[in-house]
Amino acid sequence: MWNTCRALVLALVAASNFPRVHVLDCFQSADTDCYSHANAASSSRPSSSAVKSWWNVSFSNLTRDLDRFIVSCEKLLESLPVDDVNGNFVRTVKNCVFSKSVPTPLRGPLRLAAVSKDVIEGILELDVAVTQSESFLLYASGGRLLPGSVPLAHRYGGHQFGYWAGQLGDGRAHLLGQYLNRKGEVWELQIKGSGKTPYSRSGDGRAVIRSSVREFLCSEAMHFLGIPTSRAASLIVSEEPVFRDQFYDGNVKTERAVVLRLAKSWFRIGSLEILSESGEIDHLRTLLNFIIDKHFTFISADDPEKYLVFYSTVVNGTAHLIAQWTSVGFAHGVFNTDNFSLLSITIDYGPFGFLESYDPNFVPNTSDDEGRYRMGAQAEAGLFNLEKLLLALRPLFTQKQQKQAKMILNEYTNVYQMRVLQIFKTKLGLLGEDEEDNDLIAFLLKMMEDTQSDFTMTFRQLSEVSANQLGSMNFTQMWALDDLSSHKLFSDWLNMYLLRLSRQQSDRDLDRLHRMQSVNPRYVLRNWMAESAIRKAEMNDFSGVELLLHILSSPFVTQHTAEEAGYAARPPVWANRLKVSCSS
């Protein structure tokens, strides 16, 4: 029998041994019973030997004919309740998980603005050349349905900025279907900006270039940083007018775009909340059983404590994900329960931001007047979301399990703090255990805050100077370290750091630098970088998006070109004045 001790041990052991990247890979699996594959003659389950033979797919086996690229919604439609009412008109939806909803084709000439070759070829196993075809433009923008597709809009609710918002749902996104690749992975394909659904509320179901470029770039950037995330395959634009007032200042722009994005699952905390809040407990149980069966396969379907194990896993995964966000200075600007994945992957890139100068009070969303989702409050927001998840699961828990779940939740902060400590020790090249490590890290961050030192480049430049250079404070062309060294206590911290490194007697300086460079990126998607690309994109010049995608796909690069070096230089003066709003 599952008990509280077992749950806590699972969380704490995972905290000390979790890999740095893709933290939930071990929880995700592909059920291949009912999924079609582009090259499969039938939908039967492939043998293990067949899956192995698919693993090293050669470029000659990449699909070149989009009519052979098959997706399926069969498993979702068989297993989960679907809305009895058809049509895209806005309404209150009851007693279902999905509504059938057909995308609205974009009007006007279509243009492929950006494409991720890594996703197209590495996940979807398509020859990237097919993205230049008219068929791809139609399939990836909602103008034509992929073979096997039954487009769906997901019903969910959520707590937004601390308050229950009721029914939300996919208001401008359509799930096209699930794709099984040769690796045995099942990916859900979704298009965003594809028109109205029953959940569009007062919206038009469209997306603007600004937000679409940011989502496309950031999801790919996060992946290459090693952080669990949804992926973006393509960005398609058209001449169809979409009116948005980005800063509510009367300057309305005409923009239009659709992003083809992928995730192992788009279910989020709000997926369970809406069913629990509506009293649809049978549907809640059905959906949760489905999620566990498909994505938490280590949990036995017959385990009477399976919901408690699920909750413990989500608590642990949430702590680890937010710790990873913290390690790269990423803040999610709308970290509501409707925007947080049950698989603990980063989804729904609305307003977000990466730190420039280190500032725990950095707020990435102009609409967040109270700073609820400021940089230093991300872990607290995660705790709130987990509390709401526990509330949604209460109807499925016994009284004893509710008490156990609260004890599991109480360990969340400890797991998060342990993981943050581990990651930042790695960022500083520290090995082993030392009781002063926490103070060493806190001391550094406080100096960075006082001197407004750049978060990303301070850690990166620390990974590029030897201990001797540090000791001599030789920071030629090290602009971030030069800023940090202006602090009156910098010498004190530096002595502590060098003394700590000296105790790693078998650790060569070169080995330490290599370790640090592998975890301290040179490039993250700074707001000013995205803004530069967006300004060009709004004038139908997508070269900036292409360049940024190239740079962000190698964030830990040790050698860079002169063109790339401009993105690692001191940010321009106007960078700190940038704002991101929910409408962008």
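Cys 218 is buried in this predicted model, with a relative accessible area of 0%. Cys 96 is likewise buried, and its relative accessible area is also given as 0%. A disulfide is counted where two cysteine sulfur atoms lie within 2.5 Å, and by this rule the count comes to 0 disulfides.

The chain contains 21 helices and 13 strands. Among its contacts with a separation of 6 or more, 74% join residues 24 or more positions apart.

Because 7 of its 10 residues are buried, α20 is largely enclosed by the rest of the structure. The buried residues are Gly 544, Val 545, Leu 547, Leu 548, Leu 549, Ile 551 and Leu 552. Their cover includes the strand β2 (110-115) as well as the helices α6 (209-224), α19 (527-537) and α21 (562-565).

A clear example of helix packing is found between α8 (residues 281-295) and α9 (residues 306-327), which meet at an angle of about 65° with their axes 11 Å apart. The crossing of α8 past α9 is left-handed. On the α8 side, the contact is made by Arg 285, Leu 288, Asn 289, Ile 291 and Ile 292, and α9 contributes Lys 306, Tyr 307 and Phe 310. These contact residues divide into 5 nonpolar, 1 polar and 2 charged.

Ser 101 belongs to the loop between β1 (98-100) and β2. With a relative accessible area of 2%, Ser 101 falls below the 20% limit and therefore counts as buried. Its side chain is joined to that of Asn 88 by a polar contact of 2.5 Å. Leaving aside residues up to four places away in sequence, Ser 101 touches Asn 88, Pro 151, Leu 152, Ala 153, His 174, Lys 196, Thr 197 and Pro 198.

The other serine, Ser 344, lies in the loop between β12 (330-332) and β13 (352-354). Ser 344 is buried too, at 1% relative accessibility. The side chain of Ser 344 reaches the backbone nitrogen of Thr 318 at 3.3 Å. His 320 is 24 residues from Ser 344 along the chain, and the C-alpha atoms of these two residues are separated by 8.5 Å.

Backbone geometry brings the description to two further loop positions. Most residues other than glycine have a negative phi. Arg 201, although not a glycine, has a positive phi of about 55°. Arg 201 is found in the loop between β7 (186-192) and α6, the helix that is also among the elements covering the buried residues of α20. At 47% relative accessibility, Arg 201 counts as partly exposed.

Gln 452 likewise is a residue other than glycine with a positive phi, in this case near 55°. This glutamine is placed in the loop between α13 (437-451) and α14 (455-462). Gln 452 has a relative accessibility of 56% and so counts as exposed, the limit for that class being over 50%.

Technical notes. Residues numbered from 1 in each chain as written. Predicted model: local features only at pLDDT ≥ 70, side-chain atom pairs only at ≥ 80, totals over all residues. Heavy atoms only, no water. Buried < 20%, exposed > 50% of the residue type's maximum accessible area, 1.4 Å probe, protein only. Helix = DSSP H or I, 4+ residues; strand = E, 2+ residues; numbered from the N terminus. Contact = heavy atoms within 4.5 Å. Polar contact = N/O pair within 3.5 Å; in protein donor to acceptor, adjacent residues only side chain to side chain. Axes fitted to C-alpha atoms, helices over the stretch in contact; angles between N-to-C directions. Left-handed = near helix turned anticlockwise from the far one by under 90°. Nonpolar A, V, L, I, M, F, W, Y, C, P; charged D, E, K, R; others polar.
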